[in-house]
Amino acid sequence: MTPPTSPTVYSAATLPANDNVTAYAFCVDLDGQWFAQKGKMIAYYGDIRFQALSSGPLDALVAANFHSPLYSQDWIVAQGRGKLLLADRGFDVNSYDLDDGNLTIRAGNLLAFEPGLELKQSIIPGFLTLIGTGRFVAASNGPVHFVEPPIRVDPQALLGWADCPSPAHHYDHSYMRGVIGAARSMFGIGGTSGEEHQFDFTGQGTVLMQSSEVVADEDALLRDLEGQIGVLGVSGLQRLHHTIGRRLAAERQD
Amino acid sequence: MPGYQSITSKMVRVPIGPGQEVYSRRGAMLAYTGRVHFAPSTTAGQGIAGALGRAVAGERTEMMHVTGQGSVMFGKAGLHVTVVELSGGDTLYVEADRLLVHDASLRVGTMFLGEQGGIGGVIRGAVSGQGLFTTTLTGDGSCALLTHGGVMEMPVTPQRPVHVDPQAYVAHRGRLQNKLTTAVGLRDLIGRGSGEAFQLQLVGDGVVYVQPSERKI
Amino acid sequence: MLAVELAGDTIRALNGSMVAYDGRMTFKRQGISGGEGLRGALKRRIAGEGMTLMEITGQGTVYLASEATEVTLVPLNGEAFFVESESLLALDGRLRTGVQFVGLRGMGTGQGLATTKVEGHGTVAILSDGPAIALEVTPQTPLSVDPHAYVAHSGQLRQDVVTDVNWRTVLGQGSGESVQFRYQGHGVVYVQPAERGGILEV
């Protein structure tokens with residue numbers, strides 16, 4: 001069989017410290033505490049404890065660094081000494097260093113961050129903002145591509161953004177006005193394909209793009225939507241119910 | 001004007017300008033800069049007759065016409081993107097749903113696979129679940145294909161025919177005859193085969209594009 | 001994708017994994033005994049582990065792949081190698097295969113109750129969702145692994161299914177890792193940077 005190349009065998013000592021092992025896996029050299037999203041740890045060496053954010057001893061840490069009740073059940077704190085391997089769906093994994101900065105990223109794609117950073121919910125549903133100084137690790141479907149505003153990005157291809165103002169919604173009027181576009185906007189046939197709606201970035205900063213987001217964070221998005229239902233009254237809920245019913249009927253016909 | 005530029009293995013940037021219009025698969029635009037317009041298209045540059053032919057053929061993937069001035073990034077669902085350049089009247093044979101984007105200057109056609117390789121061609125379509133029709137692109141210009149996993153380009157020469165799993169076949173170009181062969185005895189075809197019962201044999205002079213997966217798009 | 005050059009010799013490969021070839025090749029489904037004798041076949045039936053290999057013989061180059069997953073080559077020098085049969089892409093014709101019962105392990109990954117054991121001298125090609133990472137285990141450095149990221153292991157290893165209370169309560173509840181595998185001894189564990197389907201609730 002050709003070529004008989006043997007893979008690199010890593011040990012607890014030779015695994016990279018706070019660096020990528022491959023393009024798809026990151027190794028945290030833990031000595032203290034890191035926040036990590038559940039289900040993103042594939043293996044570890046050493047003496048590491050995992051604790052829910054709700055567990056009592058973490059109250060002070062959570063109060064200082066984790067300001068997202070919506071996502072708190074998805075996160076834990078890894079505590080102790082050892083090497084912790086992170087990976088996510090075979091996606092590309094990258095680490096980012098913030099120096100007194102801010103970066104907003106798709107919630108489902110954030111794997112872990114140091115307590116030097118504070119986590120907050122973004123104004124844009126499904127996104128989280130990291131503020132402060134420290135390192136975090138995030139996954140992307142395909143390598144990350146950095147672009148500068150002005151640019152319009154398909155919501156599914158948006159991984160995050162740094163330093164620039166939050167995006168605005170952009171609707172392609174001519175596309176919407178077309179026969180098919182009109183049918184889509186009225187009945188939502190076939191869902192959205194992305195060509196009629198983008199996120200519009202302006203100003204100074206950097207936008208992070210990925211190839212696409214697939215189902216992976218539908219759960220996060222749903223939870224975001226559910227979280228917003230709380231502010232609706234009875235009439236609002238009825239109207240929403242009506243809209244969803246009409247959309248479901250259209251999907252069935254499609 | 002620069003051509004198609006692969007940004008990552010899963011993203012391609014395409015310049016748009018006067019005389020540089022493209023057709024792309026709908027839902028595959030990732031981002032754009034400049035003044036770019038997208039219009040749904042059911043004819044994909046083939047005219048009504050072509051569209052009807054495509055509809056009959058079942059090769060009906062929704063496309064859109066992209067015009068204006070700027071640049072557009074395309075990609076889809078994390079699939080790999082491969083850019084193919086055509087020149088000198090070359091023809092590329094490819095399943096419509098694997099076409100991510102192509103220059104509007106390329107002539108688009110639909111071909112009944114039975115025209116090539118006789119009855120074998122017909123079976124090939126049936127076996128690989130691709131229908132009996134395939135899309136052809138002819139002329140001078142660029143296109144980009146979607147594959148599950150990175151694509152492998154295998155040259156075919158008269159001395160070196162290549163056999164391909166119909167499920168892993170993506171596209172081909174050049175003067176190639178394709179025909180379906182069996183590499184196992186008939187006994188093995190009944191019931192518990194090895195999974196390699198049918199193979200697509202490509203003979204002639206050209207290139208075949210193969211993906212490392214049996215997954216359709 | 002794995003390219004194997006054959007000069008009249010034989011390899012065994014995962015059914016349906018041939019993507020392309022040039023030259024002359026014959027493909028043969030393995031008999032019910034799968035080269036393991038009747039005893040091996042009986043064990044497989046009981047274990048629910050289908051025989052997933054075919055024989056390829058010929059002259060030329062054959063290209064093997066599956067679901068666009070990554071291929072890792074593992075050279076074997078007499079040590080025992082254990083791998084989920086769905087993750088076994090190809091192996092030298094002279095390597096022996098057998099069935100190993102592993103108790104709860106298989107259940108966790110939704111793969112049935114057994115794992116394929118490969119022995120001898122030669123090369124094994126394994127599949128993983130993303131490139132596999134090889135992690136050494138020594139008596140001083142035991143390793144904990146998410147069952148869904150586990151691909152294969154070799155050497156003298158003891159494998160325990162750990163329902164660590166702390167790990168379980170934190171990660172479990174049906175969506176994350178409610179159990180972990182703990183490896184102790186001398187050997188190498190191969191993990192992939194993605195999770196397979198299948199959840200084990202203990």
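Here are legends for a few close-up views of a predicted model.

**View 1. Where chain C meets chain A.** Let's start with the meeting of chains C and A. On one side, 39 residues of chain C take part, and they are in contact with 34 residues of chain A. Together the two chains bury about 2,900 Å² between them, with 65% of that on carbon and sulfur atoms. If you go looking for salt bridges across this interface, the rule finds zero. What the rule does find is six residue pairs in polar contact, with both residues at pLDDT 80 or more. Quite a list of elements in chain C supplies at least two residues each to the side that touches chain A, including β1 (2–14), β4 (70–77), α3 (165–171) and β13 (180–191). Sort the residues on that side of chain C by type and you get 25 nonpolar, seven polar and seven charged.

**View 2. A strand from chain A beside a strand from chain C.** To get your bearings, find A:Tyr10, which stands opposite C:Leu135 in β10(C).

**View 3. Where chain A meets chain B.** Now for another partner of chain A. Here 25 residues of chain A are in contact with 25 residues of chain B. About 2,000 Å² is buried between the two chains, and carbon and sulfur atoms give 59% of it. How many salt bridges does the rule find across the interface of chain A and chain B? The count is zero. For polar contacts, the rule finds five residue pairs across this interface, both members at pLDDT 80 or more. On the side of chain A that touches chain B, β11 (145–147), β12 (151–153) and α3 (179–187) each supply at least two residues. Of these, β12(A) gives the most to that side, with three residues. The residues on this side of chain A split into 10 nonpolar, 10 polar and five charged.

**View 4. β12 of chain A next to β4 of chain B.** Stay with β12(A) for a moment. This strand pairs with strand β4 (residues 29–41) of chain B in the antiparallel sense, over two bridges. A handy pair to pick out is A:Val153, standing opposite B:Ala31 in β4(B).

View 5. Take chain A on its own and you can trace five helices and 16 strands. Of its 254 residues, 51% are buried. Look at contacts in chain A between residues at least 6 apart in sequence, and 78% of them join residues at least 24 apart. Chain B has three helices and 15 strands. Among the 217 residues of chain B, buried ones make up 56%. For contacts in chain B between residues at least 6 apart in sequence, 81% join residues at least 24 apart.

View 6. Is A:His197 buried or exposed? The relative accessible area of A:His197 is 17%, and buried means under 20%, so A:His197 counts as buried. Its side chain makes a polar contact with the side chain of A:His169, at 2.9 Å. Leave aside neighbours within four places in sequence, and A:His197 is in contact with A:Pro155, A:His169, A:His170 and A:Tyr171.

Terms used. Residues are numbered from 1 along each chain as its sequence is written. Chains are lettered from A and ligands numbered from 1 in the order in which they are written. This is a predicted model: local features need pLDDT of at least 70, side-chain atom pairs count only at pLDDT 80 or more; totals for chains, interfaces and linings use all residues. Side-chain values use heavy atoms; hydrogens and water are left out. Contact means heavy atoms within 4.5 Å. Buried area is the accessible area (1.4 Å probe) that two parts lose on being put together, summed over both. A salt bridge is a side-chain nitrogen of Lys or Arg within 4 Å of a carboxyl oxygen of Asp or Glu. A polar contact is a pair of N or O atoms within 3.5 Å; within protein, one must be able to donate a hydrogen and the other to accept it, and residues adjacent in sequence count only if both atoms are side-chain atoms. Helices (H or I, at least four residues) and strands (E, at least two) are DSSP runs, numbered from the N terminus. Ala, Val, Leu, Ile, Met, Phe, Trp, Tyr, Cys and Pro count as nonpolar, Asp, Glu, Lys and Arg as charged, and the others, Gly among them, as polar. Two strands pair if DSSP finds at least two bridges between them. Buried means under 20% relative accessible area, exposed over 50%, partly exposed in between (1.4 Å probe, protein chains only).
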